[in-house]
Amino acid sequence: MKEIIQLLNNNKEWARRVEIETPGFFTKLKKQQRPKYLWIGCSDSRVPANQITGLLPGDVFVHRNISNQVINTDMNLMCVLQYAVDVLKVKHIIVCGHYGCGGIAAVKRNATSGMLEHWLENVRVSVRKHKRITLNEMCELNVKRQVENLAHNTIVQKAWERGRKLYIHGWIYAISDGLIKDLKVTQSGAHARKHHRS
Ligand code: CO
């Protein structure tokens, strides 16, 4: 149990340090959250959204799952997305994958089983289509696919039709050097808005 007690001790120390650095930090946060960003990332323990982007509590609404999948029948993600877009009114949705993703590697090796086999079905379809693709290329392609899925999602589409400024970004993180690369596939719904006006 020592390792669990350590976490609680870390927490006390962290809260004390934050309050010293920024007096009133927690009382201010208690009133409301106004994050500008929704992060959809991999559950991988080496890719923590706040830390790698230098964001504080209150800055980013986070959803993480294995291999950062955007599946329109995933009730969990759909609730997160709706809340983030319609209630919190985030301005940016970031899909952030990472090189060497274990979920994607397992699909490539045909080594998934049980629930994971179902969860990663869309990755499997992509891998079959691109037989010679490397793992890291597949990790990038996977992010691009999820950005497309989001751009076609009704929650996002409706926000764009209402004229909302909402950007979807595709990023990939390298665990080996801690750096994020922008895959430059940002979608802004310009087309949806233009279509709506005409
Ligand atoms: Co991963």
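The following exercises, each with a worked solution, concern the predicted model shown above.

Residues are numbered from 1 along each chain as its sequence is written. In this predicted model, local features need pLDDT of at least 70 and side-chain atom pairs count only at pLDDT 80 or more, while totals for chains, interfaces and linings use all residues; side-chain values use heavy atoms, with hydrogens and water left out.

**Exercise 1. Overall architecture**

Describe the secondary structure, the extent and the domain division of the protein.

Solution. 
- Step 1. The protein has ten helices and five strands. These elements are DSSP runs numbered from the N terminus (helices: H or I, at least four residues; strands: E, at least two).
- Step 2. Along its principal axes, the C-alpha trace spans about 55 × 50 × 30 Å.
- Step 3. Of the 198 residues, 40% count as buried. Buried means under 20% relative accessible area, exposed over 50%, and partly exposed in between (1.4 Å probe, protein chains only).
- Step 4. Among contacts with a separation of 6 or more, 63% join residues 24 or more positions apart; a contact means heavy atoms within 4.5 Å.
- Step 5. The protein is divided into domain 1 (1-31) and domain 2 (33-197), with bounds that come from an automatic or database domain assignment. The centres of the two domains, taken over C-alpha atoms, are 29 Å apart.

**Exercise 2. The largest pocket**

Solution. 
- Step 1. The volume of the largest pocket is about 300 Å³. A pocket is defined on a 1 Å grid over the protein atoms alone, as an open set of points where a 1.4 Å probe fits, with protein on both sides within 12 Å along at least five of seven lines; lining residues have an atom within 4 Å of a point. Grid points are joined across faces, edges and corners, and the volume is the space filled by probe spheres set on the points.
- Step 2. Five lining residues are nonpolar, four polar and five charged. Here Ala, Val, Leu, Ile, Met, Phe, Trp, Tyr, Cys and Pro count as nonpolar, Asp, Glu, Lys and Arg as charged, and the others, Gly among them, as polar.
- Step 3. Gly 58 is in the loop between helix H3 (49-53) and S2, and its 24% relative accessibility makes it partly exposed. Leaving aside neighbours within four places in sequence, Gly 58 is in contact with Leu 29, Arg 34 and Pro 35. The C-alpha atoms of Gly 58 and Lys 30 are separated by 9.5 Å, with the two residues 28 apart along the chain.

**Exercise 3. The cobalt site**

Identify the protein donors of the cobalt ion and their spacing in sequence.

Solution. 
- Step 1. Donors are N, O and S atoms within 2.8 Å of the metal (3.2 Å for Na, K and Ca); water is not among the atoms, so sites may look incomplete.
- Step 2. The spacing of the donor residues is C-x55-H-x2-C.
- Step 3. His 98 and Cys 101 are both buried.

**Exercise 4. Ile 168 and Gln 187**

Characterise the surroundings of Ile 168 and Gln 187.

Solution. 
- Step 1. Ile 168 belongs to strand S4 (residues 167-174) and counts as buried, because its relative accessibility is 0%.
- Step 2. Beyond four places in sequence, the contacts of Ile 168 include Ile 93, Val 147, Trp 160 and Gln 187.
- Step 3. Gln 187 is in the loop between S5 and H10 and is partly exposed, at 28% relative accessible area.
- Step 4. Not counting residues up to four places away, Gln 187 touches Val 147, Ala 151, Trp 160, Leu 166, Tyr 167 and Ile 168.
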